[in-house]
Amino acid sequence: MPEAVCRGNSSKPASTLQLLAVVLLLALFLGANGQQRRLVSPTAPPALQAHRFMLGGAAGSSLPDADSNPATAAPPEDAYFQGRGQPGGQRQCSIYVLDASKELAPLDNVPPCHVSDTKYWPHDQPGRGLDGSDRTPHHGAQHSSIFWIAKAIRDSGYLAPDIDSADLVFVDSHCYIVRRTAQLPARQAAQVVDQSRRVLVDALGRHARFAASTNGSGFVFGVPFPALFEAYSQRHACSLLRHAFMLAVEKATFCKDDKDKARDGRSLILPYPATLDVPETVSFDDRPTFLFTQGSCPWKAEVLKIVSSGKLLRRALVLALAGTSPDIQLHCASGTSRRRMDHGQMMQGLQRSLFCPVIAGDTQSSRRLTEIVLAGCIPVFIGPPFHTLPLAADIDYPSFSVFVNMTNTTDWVYTQPYEGRNLAINMLPVLRMWSLDADIRPTQMRQATSFADMLQQLRAIPPAAVHALQQALAQERGKFMFAPLPGQQGTPLTDIVLQRLCDHADQLQRTRAASKQTWPGTVSSR
């Protein structure tokens with residue numbers, strides 16, 4: 001830098017050329033640094049830290065400090081919130097929200113889908129709610145993740161004004177998804193299935209941006225239930241959407257030859273939303289119940305050979321430990337059982353409990369994990385087979401959970417087919433299919449020969465270790481929350497999703513640049 005500019009007491013004024021040189025150097029430096037900051041994923045957005053504190057973490061607790069290097073440090077809080085749609089914010093990537101009802105349905109002459117209409121979603125009426133609730137809004141359903149992610153994109157600075165300028169296209173199919181899960185009359189349900197197929201298959205295939213893509217590359221799809229899309233065959237779906245970015249609930253969603261999509265960063269496994277009867281903050285002071293669970297389990301002998309290993313494991317746990325101690329509350333109840341608690345009572349039970357088993361059900365994933373974490377109960381993952389670990393690369397599960405490997409699985413994993421039917425959901429293949437989504441070290445996995453042995457090990461955990469698990473759970477709790485707290489625009493969970501989508505957009509852009517390819521009809525927003 002010129003001497004006359006650096007020394008405030010210099011008697012020689014800076015020349016015009018010198019001043020221009022200084023300005024140019026500063027512009028180049030700040031521009032390069034800003035570009036680098038835009039492409040680097042912030043490891044700990046300040047909003048995430050603030051959200052964690054509000055969720056009941058220890059006073060003063062926060063994420064580890066980011067790298068002191070200005071190019072990799074997290075942006076200041078005001079810059080972070082500017083990036084969420086405030087004036088002057090700098091977007092990290094550009095995402096267009098494609099409304100399936102408005103932009104896809106007309107391509108195949110399908111009537112628009114209005115999720116607020118009770119004929120499409122009848123459960124938001126008094127006495128028509130799900131899980132024992134009086135009423136369940138469409139965004140309170142366990143398959144509503146598409147709604148919350150679309151809302152997070154629209155509320156952020158990531159939203160693209162039009163599809164041509166977008167790096168990614170997020171397909172908002174929320175209405176069609178929740179309609180598929182609503183309890184509708186048979187004739188109406190069949191009509192919903194047909195309309196979903198026509199919109200999410202036929203019309204999608206004719207959409208100009210999608211047709212120009214390579215098997216869905218550059219598109220983001222939410223699949224909030226285990227099947228990829230029930231509207232079409234697995235083979236068709238794997239061909240149509242092979243290169244799309246999936247927001248799934250378990251790896252069974254992915255095609256047979258591409259089960260590592262989430263591990264490779266080409267998709268994400270998300271938790272199920274849980275927004276009903278969920279406390280904003282949690283307390284760990286009053287938890288008289290040591291071990292609590294309520295779940296659907298099989299009892300009739302004629303069905304024991306045809307249900308999943310997850311439900312059989314639940315049954316085995318309840319048979320082994322229920323009633324053995326007043327502080328053990330294990331309930332095996334179906335949706336029609338008179339012993340079944342309603343949803344509010346169940347959530348209260350979780351909030352009064354210290355440890356809560358997390359066991360797979362009909363499939364590897366379930367909403368119960370989200371409810372357990374949001375209720376502040378320490379998850380106990382019991383297997384094999386094991387429950388899904390959503391966002392395994394972003395959530396530190398060993399810091400707030402207990403993992404138990406049962407050495408004897410004969411009561412819930414069969415070795416011989418039943419009446420000639422080789423059912424993968426309860427035979428040896430399930431051990432491979434429902435494996436852990438994260439690498440758990442041997443020192444983090446407890447070995448138990450029986451459920452009594454497991455219980456004894458849990459009771460032997462020192463109070464200081466239990467306290468550490470609870471504080472870590474308070475820190476990670478926001479990563480299971482879809483609905484923002486009052487005054488917030490997003491949550492740690494939606495922040496992670498948006499950042500991973502931008503990482504994916506960066507990777508696509510680098511791939512296209514390397515192959516010198518461009519999107520037909522697309523102008524990059526970068």
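## Ground rules

Two strands count as paired if DSSP finds at least two bridges between them. Helices (H or I, at least four residues) and strands (E, at least two) are DSSP runs, numbered from the N terminus. What you're looking at is a predicted model, where local features need pLDDT of at least 70, side-chain atom pairs count only at pLDDT 80 or more, and totals for chains, interfaces and linings use all residues. Residues are numbered from 1 along each chain as its sequence is written, and side-chain values use heavy atoms, with hydrogens and water left out.

## The sheet

Six strands make up an open sheet, in the order S7-S6-S8-S9-S10-S11, with parallel pairing. At the edges sit S7 (328–332) and S11 (445–448), each pairing on one side only. From one strand to the next, the twist averages 25°.

## A look at strand S9

S9 covers residues 378–383, and six of its six residues are buried (under 20% relative accessible area with a 1.4 Å probe, protein chains only; exposed is over 50%, partly exposed in between). Ile378, Val380 and Ile382 point one way, while Pro379, Phe381 and Gly383 point the other. In a regular strand, side chains alternate between the two faces of the sheet.

S8 (residues 353–358) runs parallel to S9 and is joined to it by four bridges; Pro357 stands opposite Val380. To get from S8 to S9, the chain goes through helix H13 (residues 368–374) in a right-handed β-α-β crossover (with the strands pointing away from you, the path from the first strand over the helix to the second runs clockwise). S10 (residues 402–406) also runs parallel to S9, again with four bridges. Here Val380 has Val402 as its bridge partner, and Phe381 stands opposite Phe403.

Axes are lines fitted to C-alpha atoms, for helices over the stretch in contact, and angles run from 0 to 180 degrees between N-to-C directions.

How do the two helices meet? H11 (residues 309–321) and H16 (residues 451–459) pack at about 75°, with axes 9 Å apart, so they are roughly perpendicular (65 to 115 degrees). The contact uses Leu313, Ala316, Leu317, Ala320 and Leu321 of H11, plus Phe451, Ala452, Met454 and Leu455 of H16. By class, that's nine nonpolar residues, no polar and no charged ones.

Key:
Parallel < 35°, antiparallel > 145°, perpendicular 65-115°, else oblique. Contact = heavy atoms within 4.5 Å. Nonpolar A, V, L, I, M, F, W, Y, C, P; charged D, E, K, R; others polar.
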